[in-house]
Amino acid sequence: MREININPNQLSSFNGGLHLKHHKTDTLNEPLAIASIPDKLYMSLRINRGNISKPVVSVGDIVLKGQIIAVPDSPNGSYIHASSSGIVSAITTKQTASPDTDFATVVIITTDKKDQWCQRPLIDNIEKLNSQDIITAIKNAGLTGLGGAGFPTHLKYKSENISTLIINGAECEPYISCDQQLMIDFPQQLIDGIFLMLKASGAKQAIFALEDQVGGIKSKLEKILAEQNINNISIIKVPTIYPAGGEKQLIKVLTGLEVPSGGFPINLGIIVQNVGTIKALNDFIKCGQPLIDRVITVAGDAINQPQNFKALIGTPISHLLELAKYNPKNTHKIIIGGPMMGFAMPHTDIGIDKTSNCILALSKENTQQPADTLPCIRCGDCVNVCPVNLLPQQLFWYIKGENLEKAREHHLFDCIECGACAWVCPSQIKLVDYYRYAKSELKYLDFKRKKSDLSQVRHNLRDERLQRLKDERIAKRKNTKLRTGDSAKIKRDLQATLDRVKNAKSIRDNQHE
Amino acid sequence: MNNTLFNTQSAPHIPNKNTVTKVMLTVICALIPAIMAHIYFFGTGLIIQILISVFFALFFEVISLKLLKKPIILFIKDYSAIVTAILFALCISPVAPWWISFIGMFFAIVVAKHLFGGLGQNIFNPAMLGFAIVLISFPQAMSVWLPVQEISHYNMGLLDNLRAIFIQQFPSSVSFDTLTQATPLDSIKTGISQELSISEITNSPVFGNFGGLGWEWIANFYFLGGLFLIYKKVISWRIPVTILLTTVVFSLPFNLYNADHFIGPIQHVFSGGLMLAAFFIATDPTTCCSSHKGLIIFGIGVAILTVLIREFGNFPDGVAFGILLMNLSAPFIDKLTIPQAFGQYE
């Protein structure tokens, strides 16, 4: 196991990155609000890329808060619980708030506003829980990464060789402050949650990473740690540079190590967890509440009362926008996620899911491109900001020329789609769109190649089989030949038979006469 | 309610306000101090040259865009043709005939830029290609330079400059001899061919403290403008720093070996177009390398070629050829210097 030593005075750094305006104070000046129960909940069954849970309720069923409504369909799946009580009014394919704005199966619950709980699984003797118990609890609570990717949490705890747990409290995208709000409001719960995660992973130390722009959170957390004599959790402030909150970038800043290309933090013996996930685990172990709500930031220049809300999973975007008093006339774009990597939603009748950390309503002035898109002038600004050391302008060049394999050679698949290149581009080129296109195209080509390789193998096997059968037939014929002797003998035998028949025939003819 | 009510364009949703136009305008601003110094030392000819070049550049730009059926207004607004024109005008003599700009801009805009695919697609730096063509084709017209006004017994006014540029008539008091030996690098080249030593040549009044008289000051202002561009992050420090350092390091041994025959490092740096090229021309992003390592190789290459051409070639200054040759090599350098991506370690 690799020992990871972190010196808070000697942090590492990654190439480039951006210094962006935070826009976070508006929401943090207001206290955390509890969003009311909406009339309808849209529970998306999509977990993360390609994983969809299987519904176990049908239309007309009455469901209670916390009841399981979908079960994992594959080992990479996750449970989904009803966020509030009511009736399942439809199960249909609908637009979801997932990062790729896919359509997916959605269970629509018409709420009865009674918010009636089902039987909650109460866990006694929390101190006596072992690692496996906690991992099972993580699975039963339907925990997925609340930071953005939505990776089912229990899958991260498979390895034995985990030395370090990193708590990602670095929200590097502008506007989003939901994690910061959690750290301000629930420091004790977070520390308790980290303890559970440490136990589950077997890691020796936990590092709580915060951005240096956050206020008094560090001292608050450190006070709790000192009071309770905890010394395996350290709190480290990292420079506020976008995208320092990306897990690979955060690991690099903290440890100086790079997660191998195509690999995961686990390859270094590290697990990275978002603070929201930590809080959700604590909620499940302490109060038996599965992951049915989360803190979400509602902000943007078309919002009159920007605020962080504790909202039920599945709450329609429109409901939260109304609570934050948005100005529909001024709204040009509705974004789930941050302004750098978030996805623009076509309308607001979409339920938030476990990964939705922010709803932005932005005006036209704020989102407008300052000029028309021009050809790339190869200024290299993108090279200077790329946090994964790519040559974005070269990638663009190759992709535009449909030379996708060249783009792969230039490490296209290491791109984290942070959007820093597109942000600095003076020609206003939507670079990330090109990279996404090329990645999906290459994946498709690989799939096709694999398929054609497979059919080539099948074809060869078939040819072989036919040849074998043919050989067998010839061999068999040879055998018969051998058994029946040489051809002259066959000829003689045949002649003899023919003669016999002739004789018999002539005898028969004679008898007739 | 499934219809699209909001704009769904992809991220980033809050664009940065940087544009190509702003980049080009910053470059023009950074050139202003040097242009002022140029006018102070060599008179108003430069203003006329800039105006002529800009006029022809835009003229050819519009024609090319029209023939290629590209949006004219969109591409005129990027100011890249104007930057090309100003850089070209700064390279040629302030009293060069008007058709030098015409031909130079034709090759810069039509051949170097649009025939290769327009903005961002060109292999050669347009200003340098245009300059190299006129330098090779019309050596006589290109070698006519004015002496610095301080040492000249007759200062050409605006009208004199106009007459010189448009009808090639010089005031009778300006002799042809002073006109053709006015640039320091020219006089060194001619001096060496007459077997004079460098120290003898640099006694001539066209030389100042460490470069050409006046030239060294213009170079200082290019340096200042270049620092401004680095500060504004329009250019990277890599090319200018490597060009200047390599010029010094590479020319020093020659100078130490035979100081009478080879120009000293400081003279190299402050003469001719080196400072202009290091900060404003070699740094043209379209035609240089893309990786950080590539930029350094590019800068070293430009400097070595420049020194070699200046010392051993037929032309007094080699910066333009150095840059064009490195422009040609840039794609190959790029191929060999693909940076290691994050996590792509062995």
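Predicted model: local features only at pLDDT ≥ 70, side-chain atom pairs only at ≥ 80, totals over all residues.
Reader: Nice. Which residues have the most contacts inside the largest nonpolar core?
Author: A:Ala209 and A:Ile359. The core they belong to has 237 residues.

Reader: Which helix gives that core its largest share?
Author: Helix H4 of chain B, residues 80–91, with 10 residues. Domain 1 (25–312) and domain 2 (370–513) of chain A both contribute residues as well, so the core lies between them.

Reader: Back to A:Ala209, what does that residue touch?
Author: Setting aside residues up to four places away in sequence, A:Ala209 touches A:Ile166, A:Ile167, A:Asn168, A:Gly169, A:Ala170, A:Ile236, A:Val238, A:Leu250 and A:Leu254.

Reader: Let's switch to the domains of chain A. How many Å separate their centres?
Author: Taken over C-alpha atoms, the centres of domain 1 and domain 2 of chain A are separated by 44 Å. Their contact takes six residues from domain 1 and six residues from domain 2.

Reader: What classes of residue are on the domain 1 side?
Author: The side of domain 1 of chain A that touches domain 2 has two nonpolar and four polar residues, with no charged ones.

Reader: And between the chains, how many residues are in contact?
Author: 55 residues of chain A are in contact with 43 residues of chain B. Strands E15 (331–336) and E16 (343–345) of chain A each supply at least two residues of the chain A side, as do helices H9 (364–367), H11 (392–400), H13 (420–424) and H14 (431–484). E15(A) gives the most, with five residues.

Reader: What is the class make-up of the chain A side there?
Author: It has 27 nonpolar, 19 polar and nine charged residues where chain A touches chain B.

Reader: What about chain B's secondary structure?
Author: Chain B has 17 helices and zero strands.

Reader: How does the radius of gyration of chain B sit against a compact globule?
Author: The two agree: a compact globule of 346 residues would have a radius of gyration near 20 Å, and chain B has 22 Å. Along the principal axes, the C-alpha atoms of chain B fill a box of roughly 85 × 55 × 30 Å. Buried residues make up 52% of chain B. Among the contacts in chain B with a separation of 6 or more, 74% are between residues 24 or more positions apart.

Reader: Good. Now a couple of loop residues. Where is A:Arg120 found?
Author: In the loop between strand E8 (103–111) and helix H2 (131–140) of chain A. A:Arg120 is partly exposed, with 13 other C-beta atoms within 10 Å.

Reader: What is A:Arg120 in contact with, leaving aside neighbours within four places in sequence?
Author: A:Gly66 and A:Gly288. The C-alpha atom of A:Arg120 is also separated by 8.0 Å from that of A:Cys287, 167 residues apart along the chain.

Reader: And A:Ile162, buried or exposed?
Author: Buried: A:Ile162 has 22 C-beta neighbours inside 10 Å, and 20 or more is the cut-off. A:Ile162 is placed in the loop between H2 and E9 of chain A. Leaving aside neighbours within four places in sequence, the contacts of A:Ile162 are A:Ser201, A:Gly202, A:Ala203, A:Gly269 and A:Ile271.

Reader: Last one: where in chain A is confidence lowest and where is it highest?
Author: Helix H15 (residues 487–512) of chain A is lowest, at a mean of 84, and strand E14 (residues 307–312) is highest, at 93. Over chain A the mean pLDDT is 88, and 98% of the residues reach 70 or more.

Methods:
Residues numbered from 1 in each chain as written. Chains lettered and ligands numbered in written order. Contact = placed C-beta atoms within 7 Å. Helix = DSSP H or I, 4+ residues; strand = E, 2+ residues; numbered from the N terminus. Nonpolar A, V, L, I, M, F, W, Y, C, P; charged D, E, K, R; others polar. Rg over C-alpha atoms; globule rule 2.2 N^0.38 Å. Buried ≥ 20, exposed ≤ 12 C-beta atoms within 10 Å, placed from the backbone. pLDDT = per-residue confidence, 0-100. Core = buried A, V, L, I, M, F, W, Y, C linked by C-beta atoms within 7 Å. Domains from an automatic or database assignment.
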